[in-house]
Amino acid sequence: MKIQFKKANYKLLIILSILVFLPLIITGCVRGMTPVGWSGVAFSDNTLYTGSKEGRLIQYNLDSAKLTWSEPITITTTSGFGCSTSTTAVAIYGTPALANGLVFVAGYNGEVHAYAADNLGERWVYPRKGTLKPIIGSIVVFNNTLYFGCTDGNIYGLDVTTGDKKFQFDTGGEIWSTPAIDNNTLFIGSFDKKIYAIDLSSQTKKWDFTTEATNVAPPVTLNGIIYAGSLDRNLYALDQTTGNLIWKFTGGNWFWAKPIIYNNTIFAPNLDNHVYGLNLTTGEKIFDYDLGGQVAAWPVIVGNQVIAGTENG
């Protein structure tokens, strides 16, 4: 029992550490610092995967404390006269995704890499030649397809096994958000002040909802409703089928991070230092906690506790 207790606390410590430092990196980038990445963590079979600021995919086994990493994702630049070249590590912002024995990660250089989940040997890279524009959001896997948004304004879908492109949809602005998929529909926010619902079978738009500012927060879905925060300071609840507004809640600053849902409450972090607890059905505020620092990374639920990290550490 003593060993199990130590392991449980060690895992919780890792989660808490990620939560504490992630918002610091995010807020620094927003203020104009050199991009360094803010990758989250994916878990599988007691092993975690995350991206590092050195452009590597990191694998860490929680039982053996074994650490492995991939070859770095880099970009090579040449001086104006072609006399010298330099190699720079690529920032990783999105959380890795796992499927079919592979782990996937997207780089700020506009490439998606697939690695073997056991030894991090590279399997494929997209695109085959050249690069897309920077990729900031995370990858989501659905029906053997990787979906992600890109700052070129497009949502892409790649075959999990081969990396071949199967899907592309152009929005009207940059995409920093991570898609949510439910009932064969992809939901995502864009810099064009819209939240999109895209039918994945027909690869066509079902609807779009116009907000008052850019949308970067990853949406969440539950029971036919999509919940999405915006930089217009509103958290929106929209009907998944029609895109009609059910309710909205206004905070004191940007809703940057993904909200989380527990029972009949949605926990919505805001850059006004608060985490709001709202009734899922009505949007009525149940409580709000002032954490004394901006909340830019989404909280996690551990047991019956909601744990959130803040900019002030």
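Analyst: Happy to! A residue is called buried under 20% relative accessible area, exposed over 50% and partly exposed in between, with a 1.4 Å probe and protein chains only. Tyrosine 262 is partly exposed on this scale because its relative accessibility is 34%; it belongs to strand β23, residues 260-262. Threonine 265, in β24 (residues 265-269), counts as buried because its value is 14%.

This is a predicted model, where local features need pLDDT of at least 70 and side-chain atom pairs count only at pLDDT 80 or more, while totals for chains, interfaces and linings use all residues. Numbering runs from 1 along each chain as its sequence is written, and side-chain values use heavy atoms, without hydrogens or water.

The part I'd pick is β16, spanning 185-189; strands here are DSSP runs of E with at least two residues, numbered from the N terminus. Five of its five residues are buried. That cover extends to both faces: Thr185, Phe187 and Gly189 lie on one side, with Leu186 and Ile188 on the other.

Now for the partners, where pairing takes at least two DSSP bridges between two strands. β15 (residues 180-182) runs antiparallel to β16 and is joined to it by three bridges. Within that pair, isoleucine 181 faces leucine 186. Two residues lie between the strands of this hairpin, and asparagine 183 has a positive phi near 55 degrees.

β17 also pairs with β16 in the antiparallel sense, this time over five bridges. Here threonine 185 has aspartate 199 of β17 opposite it. The β16-β17 hairpin leaves four residues between its strands, and lysine 193 in the turn takes a positive phi of about 70 degrees.

Phenylalanine 191 sits in that loop, between β16 (185-189) and β17 (194-199). With 29% relative accessibility, phenylalanine 191 is therefore partly exposed, whereas the residues of β16 are buried. Although 16 residues separate phenylalanine 191 from isoleucine 175 in sequence, their C-alpha atoms are 6.1 Å apart. Counting heavy atoms within 4.5 Å as a contact, and leaving aside neighbours within four places in sequence, phenylalanine 191 touches Gly173, Glu174, Trp176, Thr214 and Val216.

Putting it together, β16 is covered on both faces and takes part in a hairpin with β15 and another with β17.
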